[in-house]
Amino acid sequence: MGTFCSVIKFENLQELKRLCHWGPTIALGVIAICSTMAMIDSVLWYWPLHTTGGSVNFIMLINWTVMILYNYFNAMFVGPGFVPLGWKPENSQDNMYLQYCKVCQAYKAPRSHHCRKCNRCVMKMDHHCPWINNCCGYQNHASFTLFLLLAPLGCIHAAFIFVMTMYTQLYSRLSFGWNTVKIDMSAAQRDPLPIVPFGLAAFAATLFALGLALGTTIAVGMLFFIQMKIILRNKTSIESWIEEKAKDRIQYYQLDEVFVFPYDMGSKWKNFKQVFTWSGVPEGDGLEWPIREGCHQYSLTIEQLKQKADKRVRSVRYKVIEDYSGACCPLNKGIKTFFTSPCTEEPRIQLQKGEFILATRGLRCLKNERMVP
């Protein structure tokens with residue numbers, strides 16, 4: 001009982017409010033629909049549980065669901081880890097290398113950034129993810145990435161179940177076009193017939209779940225690829241952007257220097273181990289980080305201060321070419337604009353044609369042809 005109470009604390013229960021958000025609602029809804037329909041299709045219409053294959057298939061479906069939800073809730077409730085309020089480096093002389101956060105009343109530790117949604121400085125912040133309604137950072141980067149891996153794998157398995165269910169209920173044979181090459185699916189069909197018939201409603205529900213599974217596989221699979229790419233370089237999305245601007249700054253001013261990313265250990269395996277460990281607890285304390293030989297502990301923060309002082313790098317001026325109402329998904333700008341609107345909770349700005357705006361973030365923005373000198 002004491003162990004149970006030590007795990008479920010009041011502040012942990014307060015975290016449950018993160019579920020009251022459109023991101024977790026949609027994500028958990030997709031997981032629930034795909035998992036439930038896959039289990040129903042398997043039990044009723046595709047693979048009988050009294051067979052060895054049917055039992056293994058059903059256990060695998062449950063296993064995918066449990067692992068996906070475990071890593072999803074870990075990423076959401078464990079959180080990224082926040083820089084302690086009022087934090088400052090032990091050596092006061094290091095303050096000159098760090099930015100000061102007025103909200104947290106603390107210095108920003110290396111690799112940390114302030115999140116306006118969380119209203120805290122996040123350790124090794126990668127991004128604020130609306131799907132988990134939390135930041136992805138130091139403590140939950142591994143769980144978040146595992147969720148991005150397991151979700152497509154589970155959806156691929158579910159999609160296979162959906163396809164085979166519809167096939168076995170609608171056709172008895174699959175032909176590839178040659179009279180001698182056929183796959184007999186009679187062993188996968190029910191004998192006797194299932195108690196619940198596979199009617200139009202079941203077909204529509206299965207087809208809908210198939211669409212969700214395939215869409216999730218593609219979308220989440222792409223996110224997993226992006227995350228693994230930066231993890232193997234021991235970077236975050238924000239740090240990739242900082243590095244891009246650093247190279248642009250050196251090239252623009254033709255400086256005799258080379259920016260070396262300080263946290264890349266020079267080995268993909270060593271970078272991988274910075275995030276994924278057997279214990280599940282990431283290496284380090286989230287405030288100090290191992291650096292590659294020849295780099296300064298505050299190389300990246302010093303570069304950030306240089307970019308902050310460089311107005312040319314800090315912002316780029318763009319001219320508005322069309323009126324914009326500030327709507328989240330504008331219907332009057334065409335189908336492509338409607339479906340490609342960025343999935344972010346950042347507030348939209350109402351714009352009028354002819355106005356100028358300053359863009360402070362974006363890769364290769366200085367090379368954009370629309371830039372106004």
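At what angle do helix 3 and helix 4 pack, and how far apart are their axes? I looked this up first in what is a predicted model.

**Helix pair.** I find helix 3 (residues 22-46) and helix 4 (residues 52-78) packed at an angle of about 170°, with axes 10 Å apart. Angles over 145 degrees count as roughly antiparallel, so I note helix 3 as roughly antiparallel to helix 4. I then listed the residues of this contact: from helix 3 they include Ala 27, Leu 28, Ile 31 and Ser 35, and from helix 4 they include Phe 58, Leu 61, Tyr 72 and Phe 73. By class, the contact has 15 nonpolar residues, five polar and no charged.

**Core.** I turned to the largest nonpolar core, which has 28 residues. Those touching the most other members are Val 83, Trp 87, Cys 115, Met 125, Cys 135, Leu 287 and Leu 300. Helix 7 (237-253) is one of the elements that supply at least two residues, and its five are the largest share. For Cys 115 I list contacts with Arg 120, Val 122, Met 125, His 128 and Cys 135, leaving out residues up to four places away in sequence.

**Aromatics.** My search of the whole structure gives 13 aromatic pairs. Tyr 252 and Tyr 253 are edge-to-face, at 5.0 Å centre to centre and 90° between the planes. Tyr 252 is exposed at 51% relative accessible area, while Tyr 253 is partly exposed at 39%. Phe 272 and Phe 276 are stacked, at 4.7 Å and 25°. Phe 272 is partly exposed at 23%; Phe 276 is buried at 15%. I also record one aromatic cluster, formed by Tyr 72, Phe 73, Phe 77 and Phe 147.

Note on methods:
Residues numbered from 1 in each chain as written. Predicted model: local features only at pLDDT ≥ 70, side-chain atom pairs only at ≥ 80, totals over all residues. Heavy atoms only, no water. Axes fitted to C-alpha atoms, helices over the stretch in contact; angles between N-to-C directions. Helix = DSSP H or I, 4+ residues; strand = E, 2+ residues; numbered from the N terminus. Parallel < 35°, antiparallel > 145°, perpendicular 65-115°, else oblique. Contact = heavy atoms within 4.5 Å. Nonpolar A, V, L, I, M, F, W, Y, C, P; charged D, E, K, R; others polar. Core = buried A, V, L, I, M, F, W, Y, C linked by side-chain atoms within 4.5 Å. Buried < 20%, exposed > 50% of the residue type's maximum accessible area, 1.4 Å probe, protein only. Phe/Tyr/Trp six-rings, centres within 6.5 Å; stacked < 30°, edge-to-face > 60°.
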